[in-house]
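Hi,

Here is the model I promised to pass on.

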Amino acid sequence: GGGGGAGGYLEGTGFVPVSGTAYTVTVGAGGAAIFSTYGPYCSGAGGSGVVIFSYPSGMTATYSSGVTKTTTTNGGNTVDKITATSSTSETVTWTI
């Protein structure tokens, strides 16, 4: 078994970003993991956290350097999946 990953939070239900305002984005670390097959015990790090933003395609998100992400579309929304940040002070700014 292994420990659980770091928890996340929702800044607010129905959160609507203010155009031109920078918001901090941090991806949490995952929990530790341990594995055994009746022999030597092996341990390793758990999976990383992830942050997903889905917003109307008419908006533009600009991320600070140090953010690793993939972008897709789903209907009329842009979906950004952030898998890593280089520090705890990376930001995203939306413009309309």
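This is a predicted model: local features need pLDDT of at least 70, side-chain atom pairs count only at pLDDT 80 or more; totals for chains, interfaces and linings use all residues.

Residues are numbered from 1 along each chain as its sequence is written, and side-chain values use heavy atoms, leaving out hydrogens and water.

Rings first. I pair Phe, Tyr and Trp (its six-membered ring) if the centres lie within 6.5 Å; planes under 30 degrees apart are stacked, over 60 edge-to-face, the rest tilted. That gives 2 aromatic pairs. Phe-53 and Trp-94 have ring centres 5.0 Å apart and planes at 85 degrees, so they are edge-to-face. This pair links distant parts of the chain, 41 residues apart: Phe-53 sits in strand S4 (residues 51-56) and Trp-94 in strand S8 (residues 90-95). Strands here are DSSP runs of E, at least two residues, numbered from the N terminus.

Tyr-55 and Trp-94 are edge-to-face too, because their centres are 6.0 Å apart and their planes at 70 degrees. Both Tyr-55 and Trp-94 are buried, as is Phe-53 (under 20% relative accessible area, 1.4 Å probe, protein chains only). Phe-53, Tyr-55 and Trp-94 make up one aromatic cluster.

Now the sheet. It is open, with 3 strands in the order S1-S8-S5 and antiparallel pairing; strands pair if DSSP finds at least two bridges between them. S1 (22-25) and S5 (60-63) are the edge strands. S1 and S8 share 4 bridges, and Tyr-23 stands opposite Val-92 in S8.

Cheers

Methods: Buried means under 20% relative accessible area, exposed over 50%, partly exposed in between (1.4 Å probe, protein chains only).
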